[in-house]
Amino acid sequence: MKKKFLGSMLLAGLVLILGTLNAAEIRGKITISPGEKAYTKGAVLLRPLGEETYEKSEIDDSGNYIFTDVRPGRYIIKMDLYSLTPVEKEIRVTDAYEILVLDLQIALSVLDKILVFIKDFSDFVWFPVMVFLLLGVGLLLTFVCRLLQVRRLIMAIKMVLRGAMHKDKLDKEEGDISPYAALMTALAATVGNGNIAGVATAIAMGGPGAPVWMWIAGFLGMATKYAEGFFGVKFRVKNKRGEMSGGPMYYARHGIKNEKLAKFMGMFFAICGSFACLFGTGNMAQSNSMALAFNDQFGVPFWLTGLVITTMVGAVILGGIKRIGGVSERLVPTMIILYFVGAIVIIVSNIANLPEAVSVIFKSAFSVKAVGGAMVGASMRQAIILGVRRGLLSNESGLGSAGIAQSASKSSDPSKNGLIAMTGTFIDTLVVNTLTTLSIVITGMYLKTSAFGATDGLTSTALTAAAFDSVIPYGGYIIALSSFLFGYSTLLGWCFYGEKCLEYLFGVGVIYSFRVVFLVLLFIGSVLQGVHLNIVWLIGDTANAFMAFPNLVSLILLTGLLGKTTRDYFFKKKKSRS
């Protein structure tokens, strides 16, 4: 009896092995019409009909793809091209020995081609040059400033709290708004949909490990943000209207000793900054996310949300920096607390999953292979690229924008302004971004993204809203409201940055015209939806890179001055008192 049983098991195992060895294959070539020219970008995805998860096959340099070990049955096969789906069809495999040759012919629209070009160009700009430059400058400034972001963080937080309680004595100081209002203006621009949609997009495309690289970039970026706030005040000037103007264009122009280089770097930043403020993530991408969130949760037409946003932003920015600072001072703490409470409820409700969530996040960040073999669209390289670039979008450390905001503050002490600016990155990346990351991972919603092969994978605000909805009834409403408040505040701050860049180039007379153009593009951004909305985000990413480059180079050239002043102010003074 035992021999018969063992013989049956052996035979069954042999049949199973032979079946595996002789499983069907699906292979073919991707061609683009007309002309049947091979297409080599993107990937081909395959899933059994009725199931959620895809298997992925990369396209080689000749346009070929292949799937092996395919069981008989019905399948959905499609091509994925940066979230585009140029072709999708149902197929049937009838024989375990079958080799199904299936050439897929695609046709790309003008917008499709623009998306592919912008994606490739953005990746080229970002990796490796901008990734290593951002991390390298942050590491250099951390060393030069003697780990200031750790050793003086408590002091910086105390300064912020003192400003929040209006205990600063600023009556005799020169400037337009208080240092606290300047921080809130910077945070208004910084804590935006990059914290909701940007983090979610990074996870959807780069896996749950991408935020780790946000944290690393954010920690080093605190030193960069300190330097930007410091130089923003030290090299600011008074314009013809009696207002303070500063930022990278001014500390490049007046800080760099080589006259030709100083003029070039100042102008380069101002041009790139103007472009980023009009077309980048500080304008169209924000209104886009806001309109998407309200349409998804409440069914509000995109154009209506755009009209409301345009009206509300216009009512504030036409009043200049004092009105922007006043609104930011009240709005920013309120919106952060609202989001904080919602995210904490999500995390506490799933607290048993926290250790596993943290493990998944860090394994994904430092593994060259997919976690558990599940991820189909992410790698360590992709996690680094998306983590650092979305980190820059989120906390703006390296963009130089903090220097523009802090230059308007009533202060004559660059070192203190640098500390206050530094807390912006701490709040944005190490607090708000962490809440978004944990909410998405701890609820398991990251498994419903394209990185894990999910059909119509969640991304952007929809991914974060799904995490909130999984715990809080109508939790997506919190995301919709947070998206609106975060985006609204960001639009206020970035309009101010843009007008200061153009003011440097053309004088104060251009400011009103800039505000009008800013509002028009804001409305256009709100009505752009669908897969092509990634064009907006990718243009913003690229614009951020070009904006960051002259700022980071200027900071490197001014490192000596920063290091000496910081050591004398924070460390030698303390030593002499002891």
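Colleague: How many residues does helix H13 have, and what distance does H13 reach from its first C-alpha to its last?
Modeller: In this predicted model, helix H13 covers residues 354-366, which is 13 residues. At 1.5 Å a residue a span of 18 Å is expected, and the helix comes close to that value, reaching 19 Å.

Colleague: Which residues of H13 are buried, and within what arc do they fall?
Modeller: The buried residues of H13 are Ala-357, Val-360, Ile-361, Ser-364 and Ala-365. Seen down the axis of H13, these buried residues line one face of the helix, because they fall within an arc of 125°.

Colleague: Are H11 and H19 roughly parallel or roughly antiparallel to each other?
Modeller: The axes of helix H11 (residues 302-317) and helix H19 (residues 511-527) come within 8 Å and cross at roughly 155°, and the crossing is right-handed. Angles over 145 degrees count as roughly antiparallel, so H11 and H19 are, relative to each other, roughly antiparallel.

Colleague: Which residues of H19 make the contact with H11?
Modeller: On the H11 side the contact is made by residues including Phe-302, Trp-303, Gly-306 and Leu-307. Among the buried residues of H19 are Arg-515, Phe-518, Leu-519, Leu-522 and Ser-526. From H19, the contact is made by Arg-515, Phe-518, Leu-519, Leu-522, Phe-523, Ser-526 and Val-527.

Key
Residues are numbered from 1 along each chain as its sequence is written. This is a predicted model: local features need pLDDT of at least 70, side-chain atom pairs count only at pLDDT 80 or more; totals for chains, interfaces and linings use all residues. Side-chain values use heavy atoms; hydrogens and water are left out. Helices (H or I, at least four residues) and strands (E, at least two) are DSSP runs, numbered from the N terminus. The expected span of a helix is 1.5 Å times one less than its number of residues. Buried means under 20% relative accessible area, exposed over 50%, partly exposed in between (1.4 Å probe, protein chains only). The arc is that of the directions from the helix axis to the C-beta atoms. Axes are lines fitted to C-alpha atoms, for helices over the stretch in contact, and angles run from 0 to 180 degrees between N-to-C directions. Angles under 35 degrees count as roughly parallel, over 145 as roughly antiparallel, 65 to 115 as roughly perpendicular and the rest as oblique. A crossing is left-handed if the near helix is turned anticlockwise from the far one by less than a right angle, and right-handed if clockwise. Contact means heavy atoms within 4.5 Å.
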